[in-house]
Amino acid sequence: ERATLDELFRVLKPGGCLIITTPHKGLLSFMDTDNYTWNLRTRFPRLYRRLFRMKHGRDPAPKVGYEQPHRHYSLEELVGLLEHSAFKQGYEIDRVHRGGLCWYVFSTNLFEALSVVTGTRFASWLLRPLGKLSDWDYFIGYGKLSYNIGIRVIKRAGTR
């Protein structure tokens with residue numbers, strides 16, 4: 001994370017804008033489907049392979065998915081990452097958006113369950129309306145309860 005932020009600072013012009021969006025440590029972050037997958041793959045590999053075969057009709061690749069659990073960040077943690085990177089030399093956060101509460105989490109969990117039974121194509125088609133609802137929900141600010149967080153970082157003029 002630090003090396004990435006250092007490089008982003010290096011290439012960003014003074015006055016330039018960086019937008020960071022990531023899952024937020026909100027009310028429903030424990031329902032992250034990527035972390036279900038990670039836990040299944042690392043703790044119950046035989047069950048994971050069986051479910052993967054049911055969903056995709058083939059065995060999983062040896063290195064599929066995250067090597068660590070999927071991280072969710074608070075605003076304070078994002079600021080801490082910026083403060084421990086080259087951005088410490090000069091930035092300002094001029095906008096914070098916390099959005100999306102439950103529709104994304106609900107629809108992704110439902111998709112994962114349905115796709116094992118019906119296949120991914122049919123589950124995607126069936127849940128398309130929930131995807132639109134989830135897109136709409138993203139733009140509603142739920143504050144610290146939100147599932148997503150986005151910040152707009154401006155590199156101060158006079159910093160290199």
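These legends walk through several close-up views of one predicted protein model.

**View 1**
Let's start with the overall picture. Going from the N terminus onward, the elements follow the order α-β-α-α-α-β-α-α-α-β. The C-alpha atoms fill a box of roughly 55 × 35 × 25 Å along the principal axes. The protein has 160 residues, and 36% of them count as buried. Look also at how the chain meets itself: among contacts between residues at least 6 apart in sequence, 83% join residues at least 24 apart.

**View 1. The sheet: three strands in the order 1-3-2.**
Here the strands form an open sheet with antiparallel pairing. Which strands sit at the edges? Strand 1 and strand 2 (91–99) are the edge strands, each pairing on one side only. On average, neighbouring strands are turned by 15 degrees against each other, direction ignored. As a reminder, the strands of a sheet pair through backbone hydrogen bonds, either parallel or antiparallel. Strand 1 and strand 3 are joined over seven bridges, while strand 2 and strand 3 are joined over eight bridges. Six of the eight residues of strand 3 are buried, so the rest of the structure largely encloses this strand. Helix 4 lies across strand 1, strand 2 and strand 3, and runs at about 155 degrees to strand 2.

**View 2. Facing partners in the sheet, with strand 3 as the meeting place.**
Follow strand 3 and look for the residues that stand opposite its own. Isoleucine 151 in strand 3 stands opposite isoleucine 20. Valine 153, also in strand 3, is the bridge partner of leucine 18. Asparagine 148 of strand 3 stands opposite glycine 99.

**View 3. The largest nonpolar core, made of 15 residues.**
Which residues touch the most other members of this core? They are Leu18, Ile20, Leu82, Phe87, Ile151 and Val153. Helix 1 (2–11), strand 1 (17–23), helix 4 (75–83) and strand 3 (148–155) each supply at least two residues of the core. Now zoom in on isoleucine 20. Leaving aside neighbours within four places in sequence, isoleucine 20 is in contact with Leu5, Ile149, Gly150, Ile151 and Val153.

**View 4. Helix 3, with a buried side and an exposed side.**
Helix 3 covers residues 45–56, which makes 12 residues. From first C-alpha to last, helix 3 reaches 16 Å, close to the 16 Å expected at 1.5 Å a residue. Its buried residues are Tyr48, Phe52 and Lys55. The buried residues of helix 3 pack against helix 2 (33–43), helix 5 (103–118) and helix 6 (120–126). On the face turned away from the buried side, you will find the exposed residues Arg46 and Arg50. Just after helix 3 comes glycine 57, which takes a positive phi of about 75 degrees.

**View 5. Helix 7 and serine 134.**
Helix 7 spans residues 128–138, and serine 134 has its place there. Is serine 134 buried or exposed? With a relative accessible area of 11%, serine 134 is below the 20% cut-off and therefore counts as buried. Apart from its neighbours within four places in sequence, serine 134 is in contact with Trp103, Tyr104 and Ser107. The buried residues of helix 7 are Leu130, Ser134 and Asp137. Down the axis of helix 7, these buried residues fall within an arc of 60 degrees, so they line one face of the helix. What covers them includes strand 2 and helix 5. On the other side of helix 7, Pro129, Lys132, Asp135 and Trp136 are exposed.

How values were computed
Residues are numbered from 1 along each chain as its sequence is written. This is a predicted model: local features need pLDDT of at least 70, side-chain atom pairs count only at pLDDT 80 or more; totals for chains, interfaces and linings use all residues. Side-chain values use heavy atoms; hydrogens and water are left out. A nonpolar core is a set of buried Ala, Val, Leu, Ile, Met, Phe, Trp, Tyr and Cys residues joined through side-chain atoms within 4.5 Å. Buried means under 20% relative accessible area, exposed over 50%, partly exposed in between (1.4 Å probe, protein chains only). Helices (H or I, at least four residues) and strands (E, at least two) are DSSP runs, numbered from the N terminus. Contact means heavy atoms within 4.5 Å. The expected span of a helix is 1.5 Å times one less than its number of residues. Two strands pair if DSSP finds at least two bridges between them. Axes are lines fitted to C-alpha atoms, for helices over the stretch in contact, and angles run from 0 to 180 degrees between N-to-C directions. The arc is that of the directions from the helix axis to the C-beta atoms.
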